[in-house]
Amino acid sequence: MRKPFLWATVAFMLIPLYVLTVNAFKDQQDILANPFGLGGLTLEPLGRALTNPQFNVVKGYAVTLLFVVSVNLLSVVLAAPAAYVIARSPKRRFRVLMLFFLAGTFIPGQVLVIPVVYVLKTLGLMGTIRGFVLFETVLTLPFSIFLYAGYIATVPAVLDQAAAVDGAGRLRTFWQIVFPLMRPAVATMVILNTFSVWNDFVNPQIILGPGSGLYTVTTGVYAAVSQYSTDYTVVFPTLLLAIAPLLVFFVFMQRHIISGLTAGATKG
Amino acid sequence: MTLTREAPLVTTPVVRRKPRTRDGWVTAIMVAPATVLYIVMLIVPVGLALYLSLTDWDGFSANPAFVGAANYVNLLDDPELRRAALVTLLVAAAGTAGLNLLGLGFALLVNGVSRANTFFRIVLFYPHVLSALVVGFLWSAILGTTGAVNNLVTTWGGEVLPFLSDPTWATITMIAVLVWAGFGVNVVLYLAGLQAVPHSLIEAARIDGATRLQVFRNVTLPALGPSVTVNIVLSLVTLLKTYDLVVSLTAGGPAGQTQTVAYLILWNSFHDARLGFGSAQSVLLMLVTAALAFVVTRLRRRGELAVHQ
């Protein structure tokens, strides 16, 4: 009873993925005539999706990857040292600072979109890569600092003291002694940030806007698919190209990704 | 230990002051950038959202006019918002029920270490990796009027099923897709909760002759209490801000019948250039979300106490 039911569920979970994959290699007629079959496979629609003037997928990958890397780098460089000071200092003001950052995990993104437009306009960063990357980074800070501070608290302070005795300053102690030990926490955050930046739709759509000509994978998919939602030779190959890198990444790193994304799900 | 005790003995006050001020600077350098950015782009915007909700900002003018509570008065008798609020509450309630029933059910089914269970967990979880936007477009290609399923139905001589073209069907489809895409996370969370249920309790109950169902109801479920609370609050908070999936699955249609509050906020703000009004709606959404999360936590806590008495 249990096994057949589970396998039926597996089928139900995977059929959409199957439909997406096979139909990405068919022309419109074959898709309409036989959406679940394997007949008449061709590479042509995929080729056309790759050279779609509406949305350059390869450029979309590059832009999105640039955002993912910059947000991750900036997030670690900003959050890790701050978390270190918070975790190591017995001073009251740093405990208050922790609570101040923690409050940020409760603020829903929806409330921020509109006023952030105002802030970015005031700073002259609206519609720029810098503005977008900064905002996405800030969104990662509260949870990163919370996670890093919790992790640093488990690293023995004797290590810092030993480094200090050997003459290392605070910055050096952190980056050379403590930071390398934070690898698991940083890995969790990188996974979390990678998915949230890659899959984000609202923020790039509004902050970068169609005027900037900069499409991430999601805003590009929206531009390419939303108006042609019944031209399946556009829909299926574009969607397949959009999710392929993430799925490959997921298959190879599933254990870490599941635990990372689950940690992120509980942050609110 | 000896280190910290000896340190004050060897450092004279003069030597001590110098490193201290330098240390102060270094600490500031480590903390300030994150703090400043956080204030400018997260704390200030929250305050601004409150302020903008009292103005008629259109997204362009540098100094929007102050209109007092007009936006809030307007949104109270806005039929569109009333409908969207109803849809959102329905999606949140039915979705939370679906996510948690399936989440807990499948967690019980795939609990235990085996290769097959690992595979099942991965398959149940994978849609969460995809963006909601892609999930929506994919399901609309499968369930749309000319989509894969309807193609099959019409080839077999059936009528086109209005999965996305009838308001009631479309709402149900949306909830179903949200549950399909999200319950894997609940499975993983409930699995974590199940590891914390004391095995000795379950064994004791089994020895006393309890059936599987009795063990579940009287041992496992009460022990899962906190896990259930976390899962319910999480599902509620997530579903109340459903946006991406509406855009891609139904585009709010047919005839605006599946617009959620989040969808309306962004539509009013960026399509109709009424960012002041949109701000008022988003403030309202934030308050309702916080209130619901609070009420659920409170009710659940009372329930848990009742179990323990």
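Below is a working chat about a predicted model with chains A and B.

User: Start with chain A. How many helices and strands are there?

Analyst: Chain A has 13 helices and 0 strands. Along the sequence the pattern is α-α-α-α-α-α-α-α-α-α-α-α-α.

User: What box do the C-alpha atoms of chain A fill?

Analyst: Taken along the principal axes, the box is roughly 75 × 55 × 30 Å.

User: And what percentage of chain A is buried?

Analyst: Of the 268 residues in chain A, 47% are buried. As for contacts with a separation of 6 or more, 70% of those in chain A are between residues 24 or more positions apart.

User: How is chain A divided into domains?

Analyst: Domain 1 of chain A covers 1-42, and domain 2 covers 57-265. Their C-alpha centres lie 34 Å apart.

User: How many residues of those two domains are in contact?

Analyst: 7 residues of domain 1 of chain A are in contact with 7 residues of domain 2 of chain A. On the domain 1 side, helix 1 (2-23) and helix 2 (28-33) of chain A each give two or more residues. Helix 1 of chain A gives the most, with 3 residues. By class, that side has 3 nonpolar, 3 polar and 1 charged.

User: Switching to one residue, Q161(A). Where does it lie?

Analyst: Q161(A) is in helix 8 of chain A, which covers residues 158-165.

User: Why does Q161(A) count as partly exposed?

Analyst: Q161(A) has 15 C-beta neighbours inside 10 Å, so it counts as partly exposed. A residue is buried at 20 or more such neighbours and exposed at 12 or fewer.

User: What separates Q161(A) from T122(A)?

Analyst: They are 39 residues apart along the chain, and 45 Å separates their C-alpha atoms.

User: Now chain B. Which domains does it get?

Analyst: The domain assignment gives chain B domain 1 (13-52) and domain 2 (77-308). The C-alpha centres of these domains of chain B are 39 Å apart.

User: How many residues of chain B are in contact with chain A?

Analyst: 66 residues of chain B are in contact with 69 residues of chain A.

User: Which helices of chain B supply that side?

Analyst: Those that supply at least two residues each include helix 2 (13-52), helix 8 (167-195) and helix 14 (275-308) of chain B. The largest share, 19 residues, comes from helix 2 of chain B.

User: What classes do the residues on that side of chain B fall into?

Analyst: The side of chain B that touches chain A has 50 nonpolar, 13 polar and 3 charged residues.

User: One packing question. At what angle do helix 4 and helix 11 of chain B pack?

Analyst: Helix 4 (residues 79-109) and helix 11 of chain B pack at an angle of about 140 degrees, with their axes 9 Å apart.

User: Why are helix 4 and helix 11 of chain B called oblique?

Analyst: Angles over 145 degrees count as roughly antiparallel. The angle here is about 140 degrees, so helix 4 and helix 11 of chain B are oblique to each other. The crossing of helix 4 past helix 11 of chain B is right-handed.

User: Which residues make the contact?

Analyst: From helix 4 of chain B, they include T88(B), V91(B), G95(B) and L99(B). From helix 11 of chain B, they include N231(B), I232(B), S235(B) and L239(B). The contact of these two helices of chain B has 7 nonpolar, 7 polar and no charged residues.

Technical notes
Residues numbered from 1 in each chain as written. Chains lettered and ligands numbered in written order. Predicted model: local features only at pLDDT ≥ 70, side-chain atom pairs only at ≥ 80, totals over all residues. Domains from an automatic or database assignment. Helix = DSSP H or I, 4+ residues; strand = E, 2+ residues; numbered from the N terminus. Nonpolar A, V, L, I, M, F, W, Y, C, P; charged D, E, K, R; others polar. Axes fitted to C-alpha atoms, helices over the stretch in contact; angles between N-to-C directions. Parallel < 35°, antiparallel > 145°, perpendicular 65-115°, else oblique. Left-handed = near helix turned anticlockwise from the far one by under 90°.
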